Amino acid sequence: MHPDDIAKTAFRTHHGHFEFVVMAFGLTNAPSTFQAMMNGVLHDFLRRFVLVFFDDILIYSATWTEHLQHVRAVFNVLRVNHLAIKQSKCTFGEQAVHYLGHIITSDGVTMDPAKVEAVVAWPTPTTVRALRGFLGLTGYYRKFVRNYGVVKQPLTKLLKKEAFLWSQEADAAFHELKHALTRGPALQLPDFDQSFVVNCDASRSGFGAVLHQDSGPIAFYSRPVAPQHAKLAAYERELIGLVKAVKHWRPYLWARPFVVCTDHYSLKYLLDQRLSTIPQHTWVSKLFGYDFTMEYNPGKNNTVVDALSRRDEDAAVACAVSSPTFLIFDEFRREAEQLPEVITAKQQIEQGEASAAWTIVDGLVLHDGRIFVPMSSALWPQLLATAHGAGHEGIQKTLHRLRSSFYNPHAMRLVRGYIKGCSVCQ
């Protein structure tokens, strides 16, 4: 503790008053403060040959000579900053390291056997709290388990309010999940000099994907399908699964080319085809900035959730920066040059007279990130038809789809009037 702050930590007990002379993690903001300090002290070494999580410092090296140099450098910087380490809690020159519940070796990353044994010996949950504890522990290793989201779905349903009723389906999922953890694969460490490959797939029950390179899998990803997505067309489910997987592995994929493999043939032309619905525009826009190419892999060859998934051919291919084009945006951009409301809004924004919610991006006037479409626009029939035609689900859902990308203060009135005249809804 800083000498000036020691008095602030005083507390009273039946044995008298006490003060902290070293920082305790039970104090407000103590963990974040300590982590920030460690990041600052080891800043020059982080992700070069050091990883740090609070007081766990992991030093990794390719050769023994390098390792001695790295250890000496870490010791020197700790000494300069008046930090001490406890020898009994340290190990040096290890070929396998237990770190944050994982075992790291030159062959890859595996689950901690002690944790796996605890899962295997877990008794059948009799309360929601016990079930949450089990799913919390297994969820920590979900990247080792194929189809984890689908397997645990019967157990997830029991977490709903007043829905805990143990059944044969839940018992089968419980034992299947325990068995899956005992045979989890060793995940390889990523090589950022090679191209990454994302294999993805989707069904009515869940999304599944695997991130891998030529020599083996790096991580698995799976999620159960949300109720609102279960009734969507196969194309949209596959698209949603692809987007979720890419965003989940953003630290691996951002700012470097990668390949996406799918068994849905239409997605092969994702970057070239015209998108027909507003939800498709919304999901594809989340891929902006990623540098990837799409490849079609037939279902019989698409081992997306297989632990031994790998590609037969070289993954290093020429990739083009993804840049989907939405024709309706281009049409509105041309029309906006003649609309008085849009011209006035642009002038107010440029002169600083508009609120901070109004901006101009790529020639379009945005309000809170949504395109401003005035009442005089000729594109309203097309926008309303697209938003409502996705399911003919009533005013609120149609309005929600419309407002996700477009802004107009009178949108409710427009949607209500359109639905009243819809022949399908009558």
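This is a predicted model: local features need pLDDT of at least 70, side-chain atom pairs count only at pLDDT 80 or more; totals for chains, interfaces and linings use all residues.
Biologist: Are Asp5 and Lys8 buried or exposed?

Modeller: Lys8 has a relative accessible area of 66%; exposed means over 50%, so Lys8 is exposed. Asp5 has 27%, which lies between the limits of 20% and 50%, so Asp5 is partly exposed.

Biologist: How many salt bridges are there by this rule?

Modeller: The count is 2. Lys115 and Asp112 also meet in a salt bridge, at 3.8 Å from N to O; that value is within 4 Å, so the pair qualifies.

Biologist: Why is Asp112 called buried, and what is Lys115 called?

Modeller: Asp112 has a relative accessibility of 10%, which is under 20%, so Asp112 counts as buried. Lys115 has 35% and is partly exposed.

Biologist: How do you know that Cys200 is in no disulfide?

Modeller: The structure holds 0 disulfides. For Cys200, the nearest cysteine sulfur is that of Cys261, 8.2 Å away. A disulfide needs two cysteine sulfur atoms within 2.5 Å, so Cys200 is in none. Cys261 is in no disulfide either, its nearest cysteine sulfur being that of Cys200.

Biologist: Are Cys200 and Cys261 buried or exposed?

Modeller: Cys200 has a relative accessible area of 1% and Cys261 has 3%. Buried means under 20%, so both residues are buried.

Biologist: What makes β8 and β11 a pair of strands?

Modeller: Pairing takes at least two bridges, and 5 join β8 (residues 196–202) to β11 (residues 258–262), so the two strands pair. They run parallel, and Val197 stands opposite Val259 in β11.

Biologist: Which sheet holds β8 and β11, and what is its strand order?

Modeller: They belong to an open sheet of 5 strands with mixed pairing, in the order β10-β9-β8-β11-β12. β10 (216–224) and β12 (292–296) are called edge strands because each pairs on one side only. From one strand to the next, the twist averages 20 degrees.

Biologist: Which residues make the nonpolar surface patch?

Modeller: Met1, Met23 and Phe25 make the patch, which covers about 230 Å². Met23 lies in the loop between β2 (16–18) and α1 (30–41).

Note on methods:
Residues are numbered from 1 along each chain as its sequence is written. Side-chain values use heavy atoms; hydrogens and water are left out. Patches are made of residues with over 30% relative accessible area and no salt bridge: like charges are joined within 9 Å, nonpolar side chains (Val, Leu, Ile, Met, Phe, Trp, Tyr) within 5 Å. Accessible areas come from the Shrake-Rupley method with a 1.4 Å probe; for residues, only the protein chains shown count as cover. A salt bridge is a side-chain nitrogen of Lys or Arg within 4 Å of a carboxyl oxygen of Asp or Glu. Helices (H or I, at least four residues) and strands (E, at least two) are DSSP runs, numbered from the N terminus. Axes are lines fitted to C-alpha atoms, for helices over the stretch in contact, and angles run from 0 to 180 degrees between N-to-C directions. Buried means under 20% relative accessible area, exposed over 50%, partly exposed in between (1.4 Å probe, protein chains only).
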